[in-house]
Amino acid sequence: MSASRSQPEWSADELRRAIKSAGVALWTWMLDDDTFVMDTKAYELWDIPAETDLSFEHLSAKVHPADRDRVRAAFVATRAIDGPFEIDFRILTTTSDVRWISARGQGNDGDTSTKKTTGIFLDVTGRKQAEESHELLAGEMSHRVKNLLALASGLTSITSRSTETKEEMAKQLTQRLTALGRAHELVRPLPDGQGRAALLGDLFSVLLAPYDDHGAFAGRIRVAVPRMGLGERAATSLALIIHELATNSLKYGALSNETGSLDISGASAKDDIEIVWSEHGCDSIGAAKTAEGYGSKLLHRTVSGQLGGSIDFNWVEGGVVVTLRVKESRLTS
C-alpha cells in the first residue's frame, strides 16, 4: 500500500490570490480599545474611505437601522465565544443602495487571552436578492391559488342564482370555468415571441365573461373603452390587473351580490389612457379592506413597475371607483 499523500502547503502569495478571487474582505476587532482593522477590500465593501480610522461603534453606524441592534448584540456575544460564528445584515452605501454583507469570524481565535476577534466579510447581495425573489414568487403563487379557489366558489354562487335545474347549472358552470381558464392563460406570462397582441376591449371581454350572470356585457357588466391594440407585455400586465380587480369584486364588491353592477370606461387624455373601473351596489367598507392585502401590493407593483402608470382607489358610499392611468406608448409596446 502506498503512503498517503500529504496535504500541500500554500504560500502566502497563493492564499492572497485565492482570497482576492473569492471577493473576501478581512477584519479584526480589538476588544480592549474597540478598534476595528480592515483590509482595502473591506473598506471598499463598506463604502468607507480607506484612510478612515475605525471603531466598532463607528462601523456599526453604517449598518441598516433595522439590523443595527441585532448586529451589535451578535458581535458583543463573540467576546464569550471560542469558535466560529456567522451573521448576515444590510449596510447603507453613499448611493443609498442597500448592500447585504455576511460577517464570519472566529471568537477570540480560540484563546481568550488574545482579546480580539478576527474574520471575513462577504458581499451576499446577489444571494439575498435571489432569496427575496423566490419568497415573492412563492407568495404570489399562494395568492393566485387562493384566488382561483375563491373564484370557483363565487362562480358557483352566480350560476346557482341564474339557473333552475342542476343540468343547466352544470352546463353554465362548466362554460364559466372554461372561460376562466382562458382568462388565466392571458394572465400567465408567455415566453418571448409567443402569442399575439390583443385589442383592449377584447381583453376585458374574455376576462370578465365568466362573471356576468347573462353573458359578457349583456347584463350588469358594461364596458366602453377605446379601440386600440395592446402589445404582448402590456396585455399580460393589464390582464393580471383586470383579473385581480374582478377577483376582489367577486369576493367583496359589486359581483358578490345579486344587485351590484360594474362599469368600465376608458378615454384618451393627452399621451395617457385612463381606465375607470366603477362598482355600484356593494359594501364599500368591506371592499376597502382589500387595500391592505397582498392583492393590493400586487396591483400597485404591476401598474407602476411593469406599466409605468398609477392606480388610485376611491371608496364611496355603496361602491368603489378605481382609476388606472397609463402611458399609451407603454400599452402598445
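Two strands count as paired if DSSP finds at least two bridges between them; helices (H or I, at least four residues) and strands (E, at least two) are DSSP runs numbered from the N terminus. The model is predicted, so local features need pLDDT of at least 70 and side-chain atom pairs count only at pLDDT 80 or more, while totals for chains, interfaces and linings use all residues. Residues are numbered from 1 along each chain as its sequence is written, and side-chain values use heavy atoms, with hydrogens and water left out.

**View 1. The open sheet of five strands.** The strand order is β6-β7-β8-β10-β9, with mixed pairing. At the edges lie β6 (221-224) and β9 (310-316), each of which pairs on one side only. From one strand to the next the twist averages 15°; axes here are lines fitted to C-alpha atoms, for helices over the stretch in contact, and angles run from 0 to 180 degrees between N-to-C directions.

**View 2. Pairing of β9 with β10.** Seven bridges join β9 to β10 (residues 319-327) in the antiparallel sense. N314 has V321 in β10 as its bridge partner.

**View 3. Helices α7 and α8 on the sheet.** Contact means heavy atoms within 4.5 Å. Helix α7 (residues 200-208) packs on the sheet and touches β6, β7 (261-269) and β8 (272-280); the direction of α7 makes about 25° with that of β8. Helix α8 (residues 232-251) also packs on the sheet, where it touches β8, β9 and β10. For α8, the angle with the direction of β8 is about 15°.

**View 4. Salt bridges of D67.** A salt bridge is a side-chain nitrogen of Lys or Arg within 4 Å of a carboxyl oxygen of Asp or Glu, and the structure holds 13 of them. D67 pairs with R70, the closest N and O atoms being 3.4 Å apart. These two residues are three apart in helix α4 (residues 65-77), and therefore separated by about one helical turn. R90 also forms a salt bridge with D67, at 2.9 Å between the closest N and O atoms. This pair links distant parts of the chain, with R90 in strand β3 (residues 83-92) and D67 in helix α4, 23 residues apart. D67 is buried at 4% relative accessibility, whereas R70 at 39% and R90 at 22% are partly exposed (buried is under 20% relative accessible area, exposed over 50%, partly exposed in between; 1.4 Å probe, protein chains only).

View 5. Within it, K128 and E131 meet at 3.8 Å, N to O.
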